[in-house]
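Here is a short report for a reader who is new to this structure. Keep the model in view while reading.

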Amino acid sequence: MNILIPVASGIEAAAKREIERMGLGHAPAVRGRIELEGGWETVARLNVFLRAGERVLLEIGRIRAETFDELFDGTQALPWEEYLSAHTKILIDGKSFKSKLAAIKAAGGVVKKAIVSRLKEKLRVATLDESGERAVVGVSIFEDVATLTLDTSGDGLHKRGYRVLSYDAPLRETTAAAIIEDSFYRREKAFSDPFCGSGTLPIEAALYARGIAPGKSRTFDFERWKCTPKGAIARAKEEAVASEFHGEIAPIYASDLSPRAVSIAKEHAKRANVLKDIRFTAGDMRNFSAQERCGVLISNPPYGERMEAGEDLFPLYRDFAHMVKRLPDWSAYVISAYEGCERAFGRPDKRRILYNANLKCSLLAFFGKKPKNPRI
Ligand SMILES: C[S@@+](CC[C@H](N)C(=O)[O-])C[C@H]1O[C@@H](n2cnc3c(N)ncnc32)[C@H](O)[C@@H]1O
């Protein structure tokens, strides 16, 4: 099967590295998605283990379609009955770019009609009641080629299940995980997020340090499909439990000026089963200091999402930069949409563009000195 994994812009490398580490080979990233081949075991493992990918799609076919008739015929020729039953609730998720079939809603309607027509014929039923399991069919048209997929994940992979409460401008879990994956963080090093908000970064760091698979406790749409071999998801989850790390990890510090944010973050950490690994405090980031000589600070300061008119963020960023400079051999990664960030911090060792909730952000990386003890 051809498997497609959409990844957000700027985090392709982290997702590719994860896939390689899972022993699934070198997968190329093309136009915001990673492609690889594999069976149901691979689909199950990707859903359970992947931290940075957005979802796991199965490619059912690629059709050259410049007209609705071509789209209908091409879709109807694909073996949908191998995956879908007479009860499947079929939803369509479409997008079109640089193509004659730009009216994506209409194109989605055509795809659904063609699938229904094929299923009625092959399953020998007069109607499809859509009362059962969900399957989201993706229709992605680019330069007049439609790629038709089935979404095995269902809810996006960023939905780990722990973030149930909301606080200001949270970072997407998959983006947080990708930044951690790309950083120098390892379980032997201290970690800090002094603007922790709802806790995404320290929780993702703790999940990473403990080797806890992000999809370990949730379900995926493909588990309920008729074509899924029994046991694939159970085996992936057993592998996840067996690979967890129960030894000692270096401290993970998380703090925020707002006591409410800290109590939300604690609740999320409890749900993610990492509360014991994170040292939460409420307080101003200006007061943060750590005993550990070496560590990794990854943080997402406010960038004006709730600013009063005329409020200036520069003093906060300047003080943050001073605080970071006081940490001896720490590396720091700052994600922000505030354009004065680099002015406050100075030239970074590395700079990258990321998107959070469709907002263009910079990730600035400042590397600390290499530790003398190579273990940390
Ligand atoms: C963009 S949000 C962080 C969101 C977080 N990454 C998440 O995923 O939920 C910025 C946070 O900085 C906090 N904050 C603002 N000024 C602060 C200060 N001086 N010291 C510590 N935290 C501060 C706010 O309360 C807010 O929770």
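## Where two helices meet

In H1, Ala 13, Ala 14, Ala 15, Arg 17 and Glu 18 meet Ala 178, Glu 181 and Asp 182 in H5. Contact here means that the C-beta atoms of two residues, placed from the backbone, lie within 7 Å. By class, this contact of H1 with H5 has four nonpolar, no polar and four charged residues. Ala, Val, Leu, Ile, Met, Phe, Trp, Tyr, Cys and Pro count as nonpolar, Asp, Glu, Lys and Arg as charged, and the others, Gly among them, as polar.

Two packed helices are described by the angle between their axes and the distance between the axes. The axes of H1 and helix H5 (residues 173–182) come within 9 Å and cross at roughly 75 degrees. H1 is therefore roughly perpendicular to H5. Axes are lines fitted to C-alpha atoms, for helices over the stretch in contact, and angles run from 0 to 180 degrees between N-to-C directions. Angles under 35 degrees count as roughly parallel, over 145 as roughly antiparallel, 65 to 115 as roughly perpendicular and the rest as oblique.

## The model and its names

This is a predicted model: local features need pLDDT of at least 70, side-chain atom pairs count only at pLDDT 80 or more, and totals for chains, interfaces and linings use all residues. Residues are numbered from 1 along each chain as its sequence is written. Helices (H or I, at least four residues) and strands (E, at least two) are DSSP runs, numbered from the N terminus.

## Two domains

The protein chain is divided into domain 1 (2–151) and domain 2 (173–213 + 245–366). These bounds come from an automatic or database domain assignment. The domain centres, taken over C-alpha atoms, are 35 Å apart. Domain 1 gives 15 residues to the contact, and domain 2 gives eleven residues.

On the side of domain 1 that touches domain 2, helix H1 (12–21) and helix H2 (40–49) are the elements that give two or more residues. H1 supplies the largest share of that side, five residues. By class, that side of domain 1 has eight nonpolar, three polar and four charged residues.

## The sheet with S1 to S7

An open sheet of seven strands runs in the order S2-S3-S1-S4-S7-S6-S5, with mixed pairing. Strand S2 (29–30) and strand S5 (89–97) stand at the edges with a single partner strand each, so one side of each has no neighbour in the sheet. Two strands pair if DSSP finds at least two bridges between them. Strand S1 (residues 2–6) and strand S3 (residues 33–37) pair in the antiparallel sense, over five bridges. Pro 6 stands opposite Arg 33 in S3.

Helix H3 (residues 68–76) lies across strand S4 (57–64) and strand S7 (145–151), at about 135 degrees to S4. Helix H4 (residues 104–123) lies across S5, strand S6 (134–142) and S7, at about 140 degrees to S5.

## The sheet with S8 to S14

Another open sheet of seven strands has the order S10-S9-S8-S11-S12-S14-S13, also with mixed pairing. Strand S10 (278–282) and strand S13 (350–356) are its edge strands, and each pairs on one side only. Strand S9 (residues 252–256) and S10 run parallel, joined by five bridges. Ile 252 has Ile 278 in S10 as its bridge partner.

Helix H8 (residues 259–271) packs on the sheet, touching S9 and S10.
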